Amino acid sequence: GMGGSSRSLYHAIRHLDRSACSVEVWCLRDGPIRRLYEAIGVACRIEPEMPRLSALPKSTRNLLAWAEGWLAFRRSRRFRRRLAEEVARRFDRVHFNHEGLFLLARWLRRRVGVPLTMHVRTNLTPGMFAALQLRSIAANVDHAVFITENERRTFAGIAGRMPRHTVIHNIAEPLSAELAPHPAVPADDRFKVACLSNFAMVRGTDRVLDVAAAVVARGRRDVLFVMAGDMRLQGTLPPDLTAVARAGGTLAAAAAARGLGDVMLFLGHVGEPERVLLACDALIKPTRESNPWGRDVIEALAAARPVLSCGTDATFVEDGVTGVLQREFDAAAMAAAILRLAADRDLSRRLGAAGHARAARLCDGPARAADLLAVWQTVGRAA
């Protein structure tokens with residue numbers, strides 16, 4: 001109920017032909033999504049006992065995470081019983097919105113006869129735990145929905161088998177004319193670069209500090225990096241961030257320690273990230289996962305903002321066409337690219353316009369919602 005996966009599902013449901021289906025959403029956490037569902041007349045329940053578990057990149061962390069996940073699953077007995085009873089009584093399909101719900105899908109498969117579908121939204125790191133997770137999905141889910149061809153290819157490579165599946169891009173909405181820029185972002189002439197991501201090393205959130213430092217090293221302090229998300233430092237960190245984390249600091253404290261406090265603005269969690277995009281000129285996502293196609297990327301493209309990211313897939317971010325795409329992260333080169341956009345606002349707008357057109361073609365709301373509805377209408381165990 002808080003992150004990009006929930007937002008993606010919401011956009012799909014908002015565009016569904018509800019003369020053909022009736023949907024009820026069960027969320028793990030309360031948040032802005034629940035109010036959005038209420039506004040469009042879709043029932044949304046908060047179920048904090050819903051168990052979830054997903055493979056992590058490092059095997060040592062997986063041992064602890066899976067032990068904790070299994071215990072949480074065992075403690076969710078009342079929730080699971082309620083789910084099975086209500087599914088058997090009221091529902092024709094169950095759609096799991098993330099591959100982290102694979103244990104719940106496996107359990108429900110053995111207790112109800114309705115078809116089960118699942119979104120696979122991430123590229124797991126190959127390993128024993130990822131293989132166990134994806135093979136369970138392949139064995140227990142009637143139809144998988146992948147958000148890009150990349151997730152489909154990763155799944156096949158790790159699991160060695162595939163369920164019936166469809167690739168359906170996430171939906172990205174153009175900015176509403178009624179939307180106002182985020183009030184915390186200064187309305188000045190600085191070139192503003194948004195980062196819409198909670199802190200995580202795999203997302204490369206820390207790399208934004210390196211890019212900001214490279215801009216400052218060129219004698220420029222007229223670029224503002226606007227960081228929206230939870231910036232608490234966590235996970236395995238490099239030495240400089242480890243010291244900040246031990247002192248209870250966040251990425252904002254790390255930025256201040258590097259003398260970047262005046263070129264970086266930290267907003268914390270933002271319920272309407274599109275308002276941050278409206279107040280900014282571009283988006284940066286220096287991911288370590290080589291995945292320049294997440295929720296933040298497609299929303300930025302839909303908002304006609306060029307995107308700077310890392311990876312090899314140019315479906316959404318195409319270098320020199322819809323933004324800047326680096327095969328390998330280079331902070332100095334990314335800083336130089338930002339300064340080129342800052343100096344040539346017409347170039348920035350042209351890249352943004354091309355991104356908007358691409359998002360309109362690939363991420364169209366009614367078309368992608370119809371694709372998902374078609375999966376739900378046709379799926380079945382007999383297939």
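Between which strand and which helix does the loop with Asn-97 lie? The loop runs between strand S3 (94-96) and helix H5 (102-109); helices (H or I, at least four residues) and strands (E, at least two) are DSSP runs, numbered from the N terminus. The model is predicted: local features need pLDDT of at least 70, side-chain atom pairs count only at pLDDT 80 or more, and totals for chains, interfaces and linings use all residues. Residues are numbered from 1 along each chain as its sequence is written, and side-chain values use heavy atoms, with hydrogens and water left out.

**View 1. Surroundings of Asn-97.** Asn-97 is buried because its relative accessibility is 13% (buried, under 20% relative accessible area; exposed, over 50%; partly exposed, in between; 1.4 Å probe, protein chains only). Its side chain reaches the backbone oxygen of Ser-5 at 3.1 Å, and a 2.7 Å polar contact links it to the side chain of Arg-121 (a pair of N or O atoms within 3.5 Å; within protein, one must be able to donate a hydrogen and the other to accept it, and residues adjacent in sequence count only if both atoms are side-chain atoms). Beyond four places in sequence, residues in contact with Asn-97 (heavy atoms within 4.5 Å) include Ser-6, Leu-9 and His-119.

**View 2. Ala-72 in helix H3.** Ala-72 belongs to helix H3 (residues 59-75). Its relative accessible area is 26%, so Ala-72 is partly exposed. Its C-alpha atom is separated by 8.0 Å from that of Glu-49, 23 residues apart along the chain.

**View 3. Residues joining H13 and H14.** Leu-341, Ala-342 and Ala-343 of H13 meet Arg-345, Leu-347, Ser-348 and Leu-351 of H14.
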